[in-house]
Amino acid sequence: MTTSPSAPNERHKCADHLPGEVAVRGLANSHSGLPTDQVVGDWLGALRDELRWREDHAGSVCDELESHIAERTRDLVLCGYGEEAAVRVALDELGEPRAMATCYRRAQVEPARRYVMNASLFLLSGAALGLSIMAVASRPDLPVGQPPVESASEAIHLRPVLDGANLKIIVSEPNGLVDAVTASRLQYIPDALTPSTERALQRMLSAQYLSNIPKTDEGGHMGIQTSRFERPSSLPQVIGEKMVTLVCSDKPLAEVLTMLAGLCERQVAVQWDAINATGADRDTPVSLELRERSVDEVIRAINEFVARDSGRRIDARAEGNTLEFGSVEYFDQREMSLVSYDLSSLNNVDSDSLKDLLQTFVEPDGWKDQGGSMAWLKFAGPKMFVQAPKRYHTHIEWFLNELQAN
Amino acid sequence: MSFPDFKHDPTELIVLAVLSESSLYGYAITKQVAARSGGEIKLSPGVLYPLLSKMERQGLIASSWEVIRSDRASNVAEDQESGGADGGGRRRKWYRISAKGKRRLAQHAEAHRAYAALINSFLSPARQGDEA
C-alpha cells in the first residue's frame, strides 16, 4: 500500500497536475548550478505564495517542511546520493508547491456532509452532542506561545555499522534521538569495519553532514578540505541528463527499455544474454512512476527491479543513433583496457599503501588477486599498471589526483 | 444489515497508532510506518503533513517545536550573521497523541477488528454438512 498522492485511486488526488502548474513544474529540476539552499528556499517560497495563509500559519508549515527536506536530504546523502540529487529527490517527493498547498487547504475544510452527519447524531443522541462539546472544550491549544526546546549542542554524530550484508549509518543527535539509515547506494560495502575503514567511510559519506569537524575558537573550521568522488554517468551528458517521464505498471522489461530508448530518440539494442545473466529477462515486470527525471535516474530505478535479488545491474551505452543495454559485467569485459600510471609525483605514498587503498575502495570484489575476475594491479619502478574496465580507471584517477594534491 | 463505518482513512489510524507509542515528528513518522510495514506502507509528505495539520486542528494530536541548531556547521556562522529569528537553527515539529486521539484510535481499532471479523466469516471453511 502506498498512500502517495501520485498513486492510482488515491482519494486525496493531491498530485493531479493542476492548470497553471507549468510555471512551477520542474522547479526541483531546474536548479542546475543553483545552491541547494536556494532551490529549497524557492520551493518553500512558492508554497507560501500558494497557501495564501496568515504569515505565522504559513511560516509554521514551511518550517516543518524545511525540516523534512533537510532530514530527507541527509538520509539520501547517507545512502550515497550526491547532495544536489538528494535535494531534488526530496523535493520531488513533496511534489509541486501548488499541489501541496491544495492538500493543506483541503485538510482545513470540513466536508459539508460531516456537519449533516453530526447534526443527525445530535438529534438522535444527546450523549453525542455532549461528547462533541467536551471534545471541543478539551482540544489542546497549539503551543504557539511556548518557547521552543533548544538542542543541547550543535552537532550530530555519524557512525557506520555493519548489519549483515548492509551498511547502516547510525545518526545520533544531541537531544538523544538516534536514527539509522541504510547506505544502500554506496558503491563500496566493506566486509568488516576496521578503525581506518570507519574513518574513511565517515569522510566519504558527506563532509557537509559530519559534526565532528573540530572548530577553532573563533567558531570557524580548521580548514579541512574535502572532496567527494562522483561516479560519472556511463552515458553522454546529453543523454544521461535528459529529462524524461516514464510511467508504467508491471510492464515487461523489454518494453520498458524500448520506451526509454524512444524517449532518448534512439534505436534500442539489448544484450539479452548478458541481461539474463543478471537474473532478469524480457518479461521481468517493471513498475515506474518517474516524471521529469534524468535518464540516469530512470536506469537506476529500473535496476531496483532487475538487481533486486541478484545485485547485478544493467547499464547502458550510447553509440551513434543507438542506445544499448546490457549488464555491467558485459560492458566491463568489453571496455577492458591496460593503463600505466606514472607515480613519480606521489612522494609520500608507498606502493603497498596505495594498492591497499585502491583495492579497498575501487570495486573491491573485482581484483583478481583478491578473488575477483576483472582487474589486475602491478607495480614496476615508478609506474603502476592496471588492467581493468574503464570505470575502474575513472575511480583510480580520482584517488591519484587526491593523493597528488597533498 | 449495516456495515461498520469504514469511511475513516486507514492513514489516520496508522498515524494515531504510531503516536500512541511515542512522540514523533513528521519525517520520523514516515520512517516508522515504512519500517513497521516492511516498506509496504509509504506515507508520502503530500498525504502526511496535511493530515497531521488536520488532526491537530481536530484535537487528536498536539504539537511542540524543537530548534535544531544547524548540523551543517558551515551554516552556523551564516545564520548568526544574518540574525536568524531563532538564532540560527531550523525548527522540527513534534507530535504527541491527545486524550481525544486515544479515544479516536480505540474507535478506529474496534471498527477495523469488526470489519476484519466480518470478512473472515466469508473465508471460513464451509460448515460440515454443507459440502456436496
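1. Which side chain meets that of A:R291 in a salt bridge? In this predicted model, the partner is A:E289, with an N to O distance of 3.2 Å. A:R291 is partly exposed, at 38% relative accessibility, and A:E289 is also partly exposed, with a relative accessible area of 35%.

2. A second salt bridge joins A:E297 to A:R293, and its closest N and O atoms lie 3.8 Å apart. Both of these residues are buried.

3. The side chains of A:E335 and A:R317 form another salt bridge, at 2.5 Å from N to O. This pair links distant parts of the chain, 18 residues apart: A:E335 sits in the loop between α12 (328-334) and β11 (336-342) of chain A, and A:R317 in strand β9 (residues 314-319) of chain A. A:R317 counts as buried because its relative accessibility is 12%, and buried means under 20%.

4. Salt bridges with shared partners also connect A:E71, B:E66, B:R90 and B:R92 in one network. Over all chains, the whole structure has 24 salt bridges.

5. On the surface, B:Y115, B:I119, B:F122 and B:L123 make up a nonpolar patch, with about 460 Å² of accessible area together. B:L123 belongs to helix α5 (residues 99-123) of chain B. Its relative accessibility is 64%, so B:L123 counts as exposed.

6. How many disulfides does the structure hold over all chains? The number is zero. Among the cysteines, A:C79 is buried at a relative accessible area of 13%, and A:C264 is buried at 3% relative accessibility.

Methods:
Residues are numbered from 1 along each chain as its sequence is written. Chains are lettered from A and ligands numbered from 1 in the order in which they are written. This is a predicted model: local features need pLDDT of at least 70, side-chain atom pairs count only at pLDDT 80 or more; totals for chains, interfaces and linings use all residues. Side-chain values use heavy atoms; hydrogens and water are left out. A disulfide is a pair of cysteine sulfur atoms within 2.5 Å. Buried means under 20% relative accessible area, exposed over 50%, partly exposed in between (1.4 Å probe, protein chains only). Patches are made of residues with over 30% relative accessible area and no salt bridge: like charges are joined within 9 Å, nonpolar side chains (Val, Leu, Ile, Met, Phe, Trp, Tyr) within 5 Å. Accessible areas come from the Shrake-Rupley method with a 1.4 Å probe; for residues, only the protein chains shown count as cover. A salt bridge is a side-chain nitrogen of Lys or Arg within 4 Å of a carboxyl oxygen of Asp or Glu. Helices (H or I, at least four residues) and strands (E, at least two) are DSSP runs, numbered from the N terminus.
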